[in-house]
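This report is for a reader new to the structure. Please look at the sequence and the model first.

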Amino acid sequence: MKRGPAEGDADRTVLLRTGAASGERVRLSVYDLMTGTFATARTFYYRQRLDAEALRESLRRTLVHYPLLTGRLERDTDRGLSVVCNDAGVLFTESHLDLPMPDYGPGRSARDDLRRYVHSVNPFRVVGHDTPLLTVKVTHLRGGSVLGVTVNHSLVDGGGCLDFLLHWSRTYRGLDHPAPSHDRALVDDLAAGTPPAPDDPQYAVVTGRGKFGFLWRVNARARRVRTLTTRFSSAEVLALRDTARSGGHGTRASSGDALSAHVWRVLGALRDREPETTERLGLVVGLRAALSERLPHGYWGNAVSNTTAALPARALREESLAHTASAVREALDRVTLRRIREETAFLEAQRRAGRVNRVLSRMALDAFEGTVALNNVSRLPVYGIEFGAGRPFWFEYPATPIPWTVLITPTPDDDHSRDVHLSVPREAAEALCTPEWAQRLHPWEHVRDRP
């Protein structure tokens with residue numbers, strides 16, 4: 001493979017096209033519309049230098065299978081969105097920094113440096129504009145390279161985005177990968193035969209003023225939100241799971257259920273709300289498992305919703321871990337095909353009425369009150385994104401501006417250990433850094449790893 005430009009050369013940005021513009025207009029599904037037009041960034045950190053030229057050419061070959069990524073977003077007459085597959089292209093930049101590769105990890109976040117590693121995309125200048133829906137930036141430092149990938153969230157969820165990155169990495173290495181399916185009708189047809197309810201337990205239709213107020217509140221308080229990353233060892237996670245399973249209640253807790261319940265309990269104790277107040281845990285949940293007989297393997301789009309566990313504040317603080325884990329598992333078990341059909345019918349009715357741009361999840365709307373929002377993506381193979389320079393030693397998402405948000409990710413060891421990213425108000429972040437609350441987060445910290 002040819003080597004990219006030497007350090008010190010000028011940055012280079014090119015517009016990649018596949019040469020295959022079908023002109024097809026793909027109408028996005030109702031779940032695609034729930035994300036807004038914000039771009040989501042992922043950054044991967046490598047100890048060895050990436051070959052930018054080989055990355056660029058393998059990306060071009062991969063994009064042949066992803067015509068939406070090279071297209072452009074347009075507004076539909078009912079306020080929905082479509083992608084015009086016109087092969088307008090994606091941005092690819094190679095950049096150079098005369099700096100050493102920092103030793104990023106749980107103790108040293110890369111979030112303050114992310115502006116260096118990804119393209120900034122204005123979400124309000126995407127629809128109806130010539131704005132790429134995928135941007136890639138390769139940044140070379142002394143002692144390694146950073147790969148920054150930004151994808152418009154309206155096209156695909158996190159699992160689908162990682163599948164695209166795996167496809168790209170396999171193409172780079174000369175390996176086959178199954179072609180994705182972009183058929184949005186597979187999701188929208190779920191609403192067929194199900195009369196829409198006037199209301200939905202997970203989504204609310206707000207006024208335009210209400211939506212503006214929510215976004216203003218998020219932006220106004222964003223500077224007060226701090227994100228901490230703490231690593232739970234494999235031994236800790238398994239000890240949590242075993243504790244949840246042995247506590248009665250007939251708990252079928254997975255390690256993810258137990259860790260989610262534990263973090264929720266700690267944050268509930270930290271907030272110390274009135275005993276009879278309802279505490280809620282909003283759980284981001286993938287729909288592909290429940291729709292396994294309806295969606296083909298490799299469906300490429302948004303197939304994510306949310307569900308909510310609720311407990312009185314007193315029970316969250318005082319009952320056993322098994323009790324909390326049972327509430328988490330019961331909430332996840334409510335995500336059935338029937339529930340998804342009801343939800344899809346509600347969302348489709350809002351699109352037909354021209355209100356879809358005013359639908360927000362109740363989980364988000366309650367972010368400043370009683371809800372902790374948790375997204376467990378620990379099963380995504382983020383450390384399997386290899387491009388001839390070994391596995392990444394770290395990867396990172398940008399921090400969320402919404403308070404009381406938890407993101408659980410895998411670790412480079414690919415075992416039961418987990419990195420937990422806590423985005424909380426500044427005062428809560430300061431408390432979590434004290435010995436008392438660090439001990440509450442990690443009561444099993446000194447449990448020995450299992451062989």
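Which residues in H7 meet which residues in H10?

## Two helices

Leu-240, Thr-243 and Ala-244 of H7 are in contact (heavy atoms within 4.5 Å) with Leu-321, Ala-322 and Ala-325 of H10. By class, this contact has 5 nonpolar, 1 polar and no charged residues. H7 covers residues 234-245 and H10 residues 321-333; helices are DSSP runs (H or I) of at least four residues, numbered from the N terminus.

The two axes, lines fitted to C-alpha atoms over the stretch in contact, come within 7 Å and cross at roughly 90°. H7 and H10 are therefore roughly perpendicular (65 to 115 degrees) to each other.

## Basis of the model

This is a predicted model, in which local features need pLDDT of at least 70 and side-chain atom pairs pLDDT 80 or more, while totals for chains, interfaces and linings use all residues. Residues are numbered from 1 along each chain, and side-chain values use heavy atoms, without hydrogens and water.

## Nonpolar cores

A nonpolar core is a set of buried Ala, Val, Leu, Ile, Met, Phe, Trp, Tyr and Cys residues joined through side-chain atoms within 4.5 Å. The largest has 62 residues, and Tyr-45, Leu-134 and Leu-147 have the most contacts inside it. Helix H4 (residues 158-172) gives the largest share of this core, 7 residues.

A second, separate core of 38 residues includes Leu-321 and Val-424.

## Cysteines

The whole structure has 0 disulfides (cysteine sulfur atoms within 2.5 Å). For Cys-161, the nearest cysteine sulfur is that of Cys-85, 17 Å away.

Definitions and conventions:
Axes fitted to C-alpha atoms, helices over the stretch in contact; angles between N-to-C directions. Parallel < 35°, antiparallel > 145°, perpendicular 65-115°, else oblique. Nonpolar A, V, L, I, M, F, W, Y, C, P; charged D, E, K, R; others polar. Buried < 20%, exposed > 50% of the residue type's maximum accessible area, 1.4 Å probe, protein only.
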